[in-house]
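Student: Please pick one part of this model and look at it closely. I would like to hear about the salt bridges.

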Amino acid sequence: MDQIYAELLKFKKSPLYKYRTENKYLPVLGEGSLTAKIMFVGEAPGRKEAESGRPFCGASGKLLDELLASVKLKREDVYITNIVKDRPPENRDPTPEEKELYAPFLDRQIEIIKPKVVAALGRHSMEYLMYHFGLESKLEPISQAHGKAFEVKAPYGKISVVALYHPAVAIYNRNQKATLIKDFKIMKKKVLL
Ligand code: URA
């Protein structure tokens with residue numbers, strides 16, 4: 001992980017590198033247990049994350065903590081990262097080029113942690129992970145895919161890819177929060193299997 005972080009620090013190939021350095025932002029590698037059974041993959045850091053270098057530490061992070069607590073998990077029990085490791089300007093969606101550029105770092109993190117469940121937080125990471133694990137024929141909108149677990153073969157064994165709504169959707173919407181709580185329970189069961 002230290003090696004990956006060192007590479008991110010000097011990742012000049014990224015169109016987000018200049019924006020990061022000009023704003024004195026940090027790359028956000030991810031954090032949590034290196035032996036976690038569950039790995040969460042969000043979209044990209046926001047301002048708070050880029051300032052602190054920690055994933056999900058703003059409003060979405062607060063919701064993520066609540067969702068983790070709803071299935072009796074703490075941040076230290078899981079690993080949390082994003083597909084894109086630098087903040088896109090004005091919190092815009094990461095571009096396909098940015099996702100492709102940063103994805104190899106995520107692939108290496110999955111290989112290091114070897115989680116049993118990879119949980120996609122939102123459409124961007126869901127799409128990437130579905131392609132990465134050969135599930136492109138099963139791709140559907142996140143409104144259909146959320147709460148579903150797809151069994152796939154990783155190089156180190158069988159794992160589940162679980163699609164979840166991004167916690168940001170639940171900040172102002174109680175129904176979405178209830179759905180996320182339900183889907184977190186489905187995800188937790190996959191770890192116990
Ligand atoms: N949203 C994300 O997708 N990732 C973060 O780290 C914070 C907000």
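Tutor: Start with four side chains. Glu31, Arg54, Asp65 and Arg75 are linked in a network of salt bridges (a side-chain nitrogen of Lys or Arg within 4 Å of a carboxyl oxygen of Asp or Glu). The model is predicted, so local features need pLDDT of at least 70 and side-chain atom pairs pLDDT 80 or more, while totals for chains, interfaces and linings use all residues. Residues are numbered from 1 along each chain as its sequence is written, and side-chain values use heavy atoms, without hydrogens or water.

Glu31 and Arg75 form a salt bridge, and their closest N and O atoms are 3.3 Å apart. Glu31 sits in strand β1 (residues 31–32), while Arg75 is in the loop between α4 (59–70) and β3, so this pair ties together parts 44 residues apart in sequence. Helices (H or I, at least four residues) and strands (E, at least two) are DSSP runs, numbered from the N terminus. How covered are the two partners? Glu31 has 21% relative accessibility and counts as partly exposed. Arg75 has 14% and counts as buried. The cut-offs are under 20% relative accessible area for buried, over 50% for exposed, and partly exposed in between (1.4 Å probe, protein chains only).

Now look beyond the network. A search of the whole structure finds 12 salt bridges. One of them joins Asp86 to Arg20, with the closest N and O atoms 2.8 Å apart. This pair also links distant parts of the chain. Asp86 is in the loop between β3 (79–82) and α5 (96–113), Arg20 is in helix α2 (residues 17–22), and 66 residues separate them. Both ends of this bridge are covered. Asp86 is buried, at 1% relative accessible area. Arg20 is buried too, at 4%.

The side chains of Glu51 and Arg47 meet at 3.2 Å, N to O, in a salt bridge. Both residues belong to helix α3 (residues 47–52), and they are 4 residues apart, about one turn of the helix. An α-helix has 3.6 residues a turn, so residues three or four places apart point the same way. Glu51 counts as partly exposed, at 44% relative accessibility. Arg47 is partly exposed as well, with a relative accessible area of 44%.

Step back to the whole chain. The protein chain has 8 helices and 6 strands. From the N terminus, their order is α-α-β-β-α-α-β-α-β-α-α-β-β-α. Of its 193 residues, 51% are buried. Its C-alpha atoms fill a box of roughly 45 × 40 × 30 Å along the principal axes. Now count contacts (heavy atoms within 4.5 Å). Among those between residues at least 6 apart in sequence, 70% join residues at least 24 apart.

Helix α6 shows how such packing looks. In α6 (residues 123–132), His124, Ser125, Met126, Tyr128, Leu129 and Met130 are buried. What do they pack against? The buried residues of α6 pack against the strands β2 (38–42), β4 (117–121), β5 (149–154) and β6 (157–164), and against the helices α5 and α7 (142–145). After α6 comes Gly134, with a positive phi near 70°.
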